[in-house]
Amino acid sequence: QRCPEDCKALELQFQQRSQKNAAAEAIRKEWIAKSVIPLLKGCQILNGFSTKLVSKIAAPLLKTSFAAGQDMFVAGDSADSMIVIVDGEAEARCKQGKVVARLSTGAVTGELAVLGLLSFRTATFTACRQSDTVVISSSNLRQVLQSSEAASKHLDKLAEERRMQIDRGFPVLSLPVGASNDVCSRTIALHSTRYILAPGETWKIPENAL
């Protein structure tokens with residue numbers, strides 16, 4: 001049988017841990033609200049979603065940090081999630097090791113995997129400096145979207161439109177360059193984003209596309 005002093009010590013330890021956990025959770029929620037949700041609202045596949053719905057998607061997310069030189073994922077790895085760089089910078093390298101892109105804060109990669117259009121990573125992403133990210137899996141996203149039929153249909157529509165884009169080889173085949181609807185044209189189509197502009201609207205190139 002434990003003495004009263006032991007019980008009091010355990011109770012005090014439990015209270016201290018509970019307080020630390022509560023403080024850490026408060027910090028996480030503040031980070032999600034101030035840093036993550038604004039970025040998610042600008043993500044193409046979540047564009048147009050209500051703040052309430054985006055908040056539900058963001059609520060369980062945890063910070064995943066990568067040190068400079070650390071791979072976020074490797075070309076050929078299985079893929080069922082997208083990664084949002086909340087604060088950081090990364091290089092994308094093809095299988096041959098050549099740098100093909102550089103991403104910074106606010107960039108998103110893996111949207112095609114979430115849409116069910118790719119089941120593997122097509123490039124290796126390596127952090128150029130200390131980088132904080134969040135990872136959104138396809139299953140978790142779909143689970144949240146069960147509460148919104150319109151949002152679920154939106155993702156399905158995006159996936160179907162991208163499949164049609166691939167079949168037609170757009171945008172390459174819409175250019176006067178004499179290209180054929182081959183693997184190269186379809187690959188470009190797979191990774192191309194279509195923007196719909198209203199009459200008189202000016203297209204602003206996303207910062208991470210430069």
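Two strands are taken to pair if DSSP finds at least two bridges between them. In this predicted model, strand S3 (residues 81–87) and strand S8 (residues 131–137) meet that criterion, pairing in the antiparallel sense over six bridges. Within this pairing, Ser 81 stands opposite Ser 137 of S8. Both strands belong to an open sheet of four strands, in which the order is S1-S8-S3-S6 and the pairing is antiparallel. Its edges are formed by strand S1 (64–66) and strand S6 (108–109), each of which pairs on one side only.

Another open sheet, also described by four strands and antiparallel pairing, has the order S2-S7-S4-S5. Here the edge positions are taken by strand S2 (71–73) and strand S5 (99–104), each pairing on one side only. From one strand to the next, the twist averages 30 degrees. S2 is joined to strand S7 (residues 124–127) over two bridges in the antiparallel sense, and Phe 73 has Phe 125 in S7 as its bridge partner.

Helix H4 (residues 138–145) lies across S3 and S8 and runs at about 60 degrees to S8. The packing of H4 against a further helix was also examined. Two packed helices are described by the angle between their axes and the distance between the axes. For H4 and helix H5 (residues 149–168), the axes come within 8 Å and cross at roughly 140 degrees. H4 is therefore oblique to H5. The contact involves Leu 141, Arg 142 and Leu 145 on the H4 side, which meet Glu 149, Ala 151, Ser 152, Leu 155 and Asp 156 in H5. By class, the residues of this contact comprise four nonpolar, one polar and three charged.

The loop between H5 and helix H6 (183–190) contains Pro 171. The peptide bond leading from Phe 170 to Pro 171 is cis, with omega near 10 degrees. In general, most peptide bonds are trans.

The space within the second largest pocket amounts to about 170 Å³. Its lining consists of three nonpolar, three polar and three charged residues.

How values were computed:
Residues are numbered from 1 along each chain as its sequence is written. This is a predicted model: local features need pLDDT of at least 70, side-chain atom pairs count only at pLDDT 80 or more; totals for chains, interfaces and linings use all residues. Side-chain values use heavy atoms; hydrogens and water are left out. On a 1 Å grid over the protein atoms alone, a cavity is a set of points where a 1.4 Å probe fits but cannot get out, and a pocket is an open set with protein on both sides within 12 Å along at least five of seven lines; lining residues have an atom within 4 Å of a point. Grid points are joined across faces, edges and corners, and a volume is the space filled by probe spheres set on the points. Ala, Val, Leu, Ile, Met, Phe, Trp, Tyr, Cys and Pro count as nonpolar, Asp, Glu, Lys and Arg as charged, and the others, Gly among them, as polar. Contact means heavy atoms within 4.5 Å. Axes are lines fitted to C-alpha atoms, for helices over the stretch in contact, and angles run from 0 to 180 degrees between N-to-C directions. Angles under 35 degrees count as roughly parallel, over 145 as roughly antiparallel, 65 to 115 as roughly perpendicular and the rest as oblique.
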